[in-house]
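Hi,

Here's the structure I said I'd pass on. Have a look at it first, then read on for what I found in it.

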Amino acid sequence: MRAVTTIIESTPLTLGELARAVGAEDQWVVRLVEVEILQVDAPDEPPERWHFRSDALQRALAARRLERDFGANLDTAALILDLQAELRRVRALMHAHGLA
Amino acid sequence: MDFKDYYSALGVARDASEDDIRKAYRKLARKYHPDVSKEADADAKMREINEARDVLSDKEKRAAYDQLADHVARGGSPDGHFRPPPPGWDEGFEFHRGPGQGPADHADFSEFFSSIFGGRGNMGGAPRGPYRERGEDHHAAIEISLEDALHGAERQLSLRAQEIDAQGRPHLVNRTLDVKIPAGVRPGQYIRLAGQGLPGHGGEPAGDLYLEVRIAPHRLYRVEGSDLYMTLPVTPTEAALGAHVTVPTPSGGHVDVAIPKGARNGMKLRLKERGLGGKTPGHLYLLIEIALPPASNDAARAAYEALAKATPSFDPRMNLGA
């Protein structure tokens, strides 16, 4: 079967599509933007005009798991996700310099 | 199909409280978290405990699972293998999707899980009579070669998917999808296949399928985001005096690269926009690695000795203070 394929980078997700993709309510995604787990290009625009790309889907899924698996509130999840990103950046740097 | 013992997966007793299950899960999830775990089978363990938690932390699923476990213990499978129960085995149970539980969570679960609970998270509490709901979105991963990521490709993907039969019961079918991989895709990006998620109810459309792109390890190149890294071996002569060397590029061609005079081990050379494509193409980084020619004949030995004589003040251990 030939499926209609799009890459999120070329057709970003709306707020509702992102919420549905992670099995959440729209308001939960708005909270992710408020605590800066997700960045939007124009935070002052109304949420229905926001757009999200692959990195947002990845972070929203990760936040959902932290909330569910460890009972983390979203501020704690934001800190953990930032630390994870920093860990990956440092590991990539170590790889790049042949240190790992 | 083997029957899965979710209690032993979490290391808890059959009569464990909700709190015991939560504590056991959190302890194991920290142990096997892919970012911190040193265990070789961390990914598989994580999938196993996620699946066990999904069932045991949900009262309704746990009760249904316990009933099934009792059935198996009473000799429900004479050959020792588990067979999916017939339709209707779960009558009297309702499966609700709890807070934080979504379709995304089930992508990696086992065939055993799918045969028991596949899709029921969506059905609990469904009102009698006309019931309309769009199908849930589904998640999976697709591993492609670096070449496919660079040039784009069309790949076949086999998926176990759920369909609703004429009686309104879900059942699993094997599906093959042709997936178009766009050129320039990067690891961690998602490809969305409209209408390939879980089926809708009451004439509503199916959900979408999201495929997370992973790139298989490559013989020469290592992928970091949109950048590529390659180790470039050079001779001591090339490193000391500078040289021009020919290097293969990921797109299949070759390029002439100038090694600067006095190049050091670990030095990084950047080939601009020779990484993965897209709107802002990544770069190709060459990591210099100085390879020593073996002193395997008289001429080579004499050349090393001549080099030592020519550089009497060179002391690589000067900073050791010895």
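Start with A:I7, which stands opposite B:I191 in β4(B). A second pair in this spot puts A:T6 opposite B:R192, again in β4(B). Keep in mind while you look around that this is a predicted model.

Those residues belong to a strand pairing that crosses from one chain to the other: β1(A) and β4(B), which covers residues 190–193 of chain B, run antiparallel to each other and share 3 bridges.

Zoom out a bit and you'll see where that pairing sits. What is the strand order of the open sheet of 4 strands? Reading across, the order is β1(A)-β4(B)-β5(B)-β1(B), and the pairing is mixed. At the edges are β1 of chain A and β1 of chain B (138–144), each of which pairs on one side only. From one strand to the next, the twist averages 30°.

Now for the contact between the chains as a whole. On the chain A side 30 residues take part, and they are in contact with 34 residues of chain B. If you want to find the chain A side by eye, look for β1 (5–7), α1 (15–21), α3 (54–70) and α4 (74–96) of chain A, the elements that each give two or more residues to it. Which of them gives the most? That's α3(A), with 9 residues. As for the make-up of the chain A side, I get 14 nonpolar, 9 polar and 7 charged residues.

There's also some strand pairing within chain B that is worth a look. Strand β6 (residues 222–224) and strand β7 (residues 227–234) of chain B pair in the antiparallel sense, over 3 bridges. β6(B) and β7(B) make a hairpin with 2 residues between them. In the turn, look for B:G225, which has a positive phi of about 60°.

β7(B) has another pairing too, with strand β11 of chain B (residues 284–290); here the sense is parallel and there are 7 bridges. To find your way in, pick B:M230: its bridge partner in β11(B) is B:L286.

Cheers

Definitions and conventions
Residues are numbered from 1 along each chain as its sequence is written. Chains are lettered from A and ligands numbered from 1 in the order in which they are written. This is a predicted model: local features need pLDDT of at least 70, side-chain atom pairs count only at pLDDT 80 or more; totals for chains, interfaces and linings use all residues. Two residues are in contact if their C-beta atoms, placed from the backbone, lie within 7 Å. Ala, Val, Leu, Ile, Met, Phe, Trp, Tyr, Cys and Pro count as nonpolar, Asp, Glu, Lys and Arg as charged, and the others, Gly among them, as polar. Two strands pair if DSSP finds at least two bridges between them. Axes are lines fitted to C-alpha atoms, for helices over the stretch in contact, and angles run from 0 to 180 degrees between N-to-C directions.
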